[in-house]
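The sequence and the structure are shown first.

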Amino acid sequence: MKRIEAIIRKTRFEDVKEALLKSDIDWFEYHNVHGIGQSREERIYRGVQYSTDVIERVALAIVCRDQLVDPTVKVILEVAHTGEIGDGRIFVSDVIDTWSIRTGEHGDTVLRDKK
């Protein structure tokens, strides 16, 4: 099992969410997050000065079977991509075990196949 963590633009979240739901991923969690990026300049939009120090993003966390990692990462890469600085990052890490609180099951059988 793997955990995929993706930090994406807030403006791309709805599209990524829909693409994941259309693929074999039917459960994930997400949070609004703030971060510090490479760009630290002031920008002016309609006469108002904005700092680019703090960037609003959405963090996705997905736990899936090993065989779904590549397709899931591919979906996120394709849909979240704008080609501009600040598109985000994807991290993949190992998950040692998982348990269902309701049933007490553990292992990757807890991760149901999409029906």
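A residue is called buried if its relative accessible area is under 20%, exposed if over 50%, and partly exposed in between (1.4 Å probe, protein chains only). Helices (H or I, at least four residues) and strands (E, at least two) are DSSP runs numbered from the N terminus. The model is predicted, so local features need pLDDT of at least 70 and side-chain atom pairs count only at pLDDT 80 or more, whereas totals for chains, interfaces and linings use all residues. Residues are numbered from 1 along each chain as its sequence is written, and side-chain values use heavy atoms, with hydrogens and water left out.

Helix 1, residues 13-22, buries Phe13, Val16, Ala19 and Leu20. Viewed down the helix axis, these buried residues lie within an arc of 130° (taken from the directions from the axis to the C-beta atoms), so they line one face of helix 1. Their packing partners, by contact (heavy atoms within 4.5 Å), are as follows.

| Partner of helix 1 | Residues |
|---|---|
| Strand 1 | 2-9 |
| Strand 2 | 29-36 |
| Strand 5 | 54-64 |
| Helix 2 | 69-80 |

Helix 1 and helix 2 pack at an angle of about 150° with their axes 9 Å apart. That makes helix 1 roughly antiparallel to helix 2, a term for angles over 145 degrees. Across this pairing, Asp15, Val16, Ala19 and Leu20 of helix 1 meet Thr72, Val75, Ile76, Val79 and Ala80 of helix 2.

Leaving aside neighbours within four places in sequence, Ile76 is in contact with residues including Ile4, Val16, Leu20 and Ile90.

How values were computed. Axes are lines fitted to C-alpha atoms, for helices over the stretch in contact, and angles run from 0 to 180 degrees between N-to-C directions. Angles under 35 degrees count as roughly parallel, over 145 as roughly antiparallel, 65 to 115 as roughly perpendicular and the rest as oblique.
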